[in-house]
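Here is a short briefing to read with the model open beside you. Take a look at the structure first, and then go through the points by topic.

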Amino acid sequence: GIGDRAIKPELVVDGDAETGFTVRLTSGMQPQVSDFFIALFDNSRRGKILRERLESDPEKSEAFAQFREQMRRAGLTRKFREKYNNAQWLVKAVQQREKTILSVATEIINAQEEYLAERQTAPSPLFMQDIANRVGYDISTVSRAVKDKYIDTPLGINPLKHFFARSSGAAPAGGGDASSHV
């Protein structure tokens, strides 16, 4: 259960009632494809510039040329290009995931400003469909974006689902007032 492991929130709310609240992701490391592989396989302007830099750098040009030749001789160019394309896809997927989570969380926090400013004792019950409409995503995307995600607010760490009404619409999920924080 939740009590068996430490909760690491994926999001943090910064600011206060006076300055306003902003949401940021706690993850600081994005997966990246190295400039070396971009220079080898990317035909864009960036790939061309990186290729020119590597080829004109006295310390790196020989290693770059040798690697390219060894890859060609071993018949691995296609395999490496495939790996490069897969890596590029993964980077874009992670970026899209983070953009989705951040936009959904930001909309939730915007709707909870009165609660976070401690001008009301409980979160305003939200409905996923309302958040989905505001951010322009399908409700299933919003549901996945908040599933098992935690946010560190000025009032404590909560699951994002804490801010949504139960399906009956009676009370916020996660139960009630600010004293029920993890």
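Contact here means heavy atoms within 4.5 Å. With that in mind, and leaving aside its neighbours within four places in sequence, Ser103 is in contact with Val135 and Tyr137. This is a predicted model, in which local features need pLDDT of at least 70 and side-chain atom pairs count only at pLDDT 80 or more, while totals for chains, interfaces and linings use all residues. Residues are numbered from 1 along each chain as its sequence is written, and side-chain values use heavy atoms, with hydrogens and water left out.

- Ser103 sits in helix 4; helices (H or I, at least four residues) and strands (E, at least two) are DSSP runs, numbered from the N terminus.
- Ser103 counts as partly exposed because its relative accessibility is 24%; buried means under 20% relative accessible area, exposed over 50%, and partly exposed in between (1.4 Å probe, protein chains only).
- The side chain of Ser103 reaches the backbone oxygen of Thr100 at 3.1 Å.
- Ser103 and Arg24 are 79 residues apart along the chain, and their C-alpha atoms are separated by 9.8 Å.

**Strand pairing**
- Strand 1 (residues 11-16) and strand 2 (residues 20-25) run antiparallel and are joined by 6 bridges; two strands pair if DSSP finds at least two bridges between them.
- A hairpin of 3 residues links strand 1 to strand 2, and Val12 has Arg24 as its bridge partner in strand 2.
- Strand 1 also runs parallel to strand 3 (residues 150-153), with 2 bridges between them; here Leu11 stands opposite Ile151.

**Helix 7**
- Val142, Ala145 and Val146 are the buried residues of helix 7 (residues 139-146).
- Seen down the axis of helix 7, these buried residues fall within an arc of 85 degrees (taken from the directions from the helix axis to the C-beta atoms), so they line one face of the helix.
- The buried residues of helix 7 pack against helix 4 (77-111) and helix 6 (128-135).
- Just after helix 7, Asp148 has a positive phi of about 60 degrees.

**Nonpolar cores**
- A nonpolar core is a set of buried Ala, Val, Leu, Ile, Met, Phe, Trp, Tyr and Cys residues joined through side-chain atoms within 4.5 Å.
- The largest has 26 residues, and Leu11, Val104, Ile108, Val142, Ile151 and Phe164 have the most contacts inside it.
- Helix 4 gives the most to this core, with 5 residues.
- Apart from it lies another core, of 11 residues, including Ala39, Leu40, Phe41 and Leu54.

Key
A polar contact is a pair of N or O atoms within 3.5 Å; within protein, one must be able to donate a hydrogen and the other to accept it, and residues adjacent in sequence count only if both atoms are side-chain atoms.
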